[in-house]
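Thanks for coming. I will go through one model today, and I will keep to its sheets, its cross-links and its surface.

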Amino acid sequence: MILPRSPLPFFLSIAALLALSTSLKFDLQAQTGYSNKYERCIRNFVAKDTLVLVTAIVSGQKGDGQMVNMHIKDAVGNEYGRPKDIAGETRMAFTSHADAAFDVCFENQLTSTGITMNPTRHIELDIDIGADARDWSAIQAQEKLKPVETELRRVEELVQEIVAEMEYLRTREQKLRDTNESTNERVKWFAYGTMGMLVGLGAWQVVYLRAYFRSKHLI
């Protein structure tokens with residue numbers, strides 16, 4: 001008799017794949033003055049009331065002639081933080097206020113001259129959303145969970161987030177379909193109205209021309 005295999009390795013594999021992510025790395029050149037065109041922004045989408053953890057590792061140090069500022073905002077105007085002159089590792093956690101895309105923007109201002117040509121700062125950015133943004137080590141210590149229990153708990157929350165995301169997409173698709181059907185219905189009746197108006201106009205022209213020709217004794 002063959003015993004069923006335990007689903008634990010399968011769930012752990014899913015957790016490993018979901019947790020697999022790489023940080024975004026880029027160089028930001030210092031500029032004199034301030035302008036939006038010098039900002040480097042990274043955009044991501046997040047659902048309402050979702051925990052987001054932004055971790056930025058900036059090379060260099062304060063007072064080296066460059067000042068890196070970070071700005072976190074979303075597409076509907078909510079502000080989540082604007083730390084200035086960051087260097088080293090900086091972490092910012094916030095809970096989203098709306099279903100919208102949010103931007104993590106960086107600018108590098110040149111504060112003094114006489115340094116190397118084309119000064120740049122290297123930035124490593126990591127954005128964790130939802131279950132990935134929670135401190136599972138602290139949760140494990142607080143609730144005295146085993147490592148496997150902690151991993152299963154994290155996988156459970158990740159699956160719940162996936163289900164919620166699928167439900168959101170289904171609702172959005174349904175709204176778009178309803179809008180499309182409503183638009184098609186309006187276009188159909190508009191076409192019928194236009195056709196009826198053209199037929200009526202054509203009939204009126206025939207009646208008018210016939211009356212005109214009769215008045216002129218042409219027919």
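Let me begin with a question: is Cys-41 buried, partly exposed or exposed? Cys-41 has a relative accessibility of 39%, so Cys-41 counts as partly exposed. For these words, buried means under 20% relative accessible area, exposed means over 50%, and partly exposed is in between, with a 1.4 Å probe and protein chains only.

A word on the source before I go on. This is a predicted model, in which local features need pLDDT of at least 70 and side-chain atom pairs count only at pLDDT 80 or more, while totals for chains, interfaces and linings use all residues. Residues are numbered from 1 along each chain as its sequence is written, and side-chain values use heavy atoms, with hydrogens and water left out.

Back to the cysteine. Cys-41 forms a disulfide with Cys-105, and the two sulfur atoms are 2.0 Å apart; a disulfide here is a pair of cysteine sulfur atoms within 2.5 Å. The structure holds one disulfide. Cys-41 sits in strand β2 (residues 40-46) and Cys-105 in strand β7 (residues 100-110), so the bond ties together parts that are 64 residues apart in sequence. Helices (H or I, at least four residues) and strands (E, at least two) are DSSP runs, numbered from the N terminus. The torsion about the S-S bond of Cys-41 and Cys-105 is about 110°, so this disulfide is right-handed. Cys-105, with a relative accessible area of 1%, is buried.

Strands count as paired if DSSP finds at least two bridges between them. His-71 is the residue opposite Cys-105 in β7.

Now the other sheet on my list. This one is open, with four strands in the order β1-β8-β3-β6 and antiparallel pairing. Strands β1 (24-29) and β6 (88-95) are at the edges with a single partner strand each, so one side of each has no neighbour in the sheet. On average, neighbouring strands of this sheet are turned by 25° against each other, direction ignored. Strand β3 (residues 51-58) runs antiparallel to β6, and eight bridges join them. Opposite Glu-89 in β6 stands Ile-57.

How many salt bridges does a search of the whole structure find? The search finds eleven, a salt bridge being a side-chain nitrogen of Lys or Arg within 4 Å of a carboxyl oxygen of Asp or Glu. I will take three of them.

One of them joins the side chains of Glu-89 and Arg-91, at 2.8 Å from N to O. Glu-89 is partly exposed at 48% relative accessibility, whereas Arg-91 is exposed at 55%.

Next is Arg-154 with Asp-132, where the closest N and O atoms are 3.3 Å apart. Arg-154 is buried, at 10%, while Asp-132 is partly exposed, at 28%. Glu-151 joins Asp-132 and Arg-154 in a network of salt bridges.

Arg-170 has 43% relative accessibility and counts as partly exposed, and so does Glu-167 at 39%.

Which residues make the nonpolar surface patch of about 740 Å²? They are Leu-201, Trp-204, Tyr-208, Leu-209, Tyr-212, Phe-213 and Leu-218. Patches are made of residues with over 30% relative accessible area and no salt bridge; like charges are joined within 9 Å, and nonpolar side chains (Val, Leu, Ile, Met, Phe, Trp, Tyr) within 5 Å. The areas come from the Shrake-Rupley method with a 1.4 Å probe, and for residues only the protein chains shown count as cover. Tyr-208 lies in helix α3 (residues 147-215) and is partly exposed, with a relative accessible area of 48%.

Note on methods:
Axes fitted to C-alpha atoms, helices over the stretch in contact; angles between N-to-C directions.
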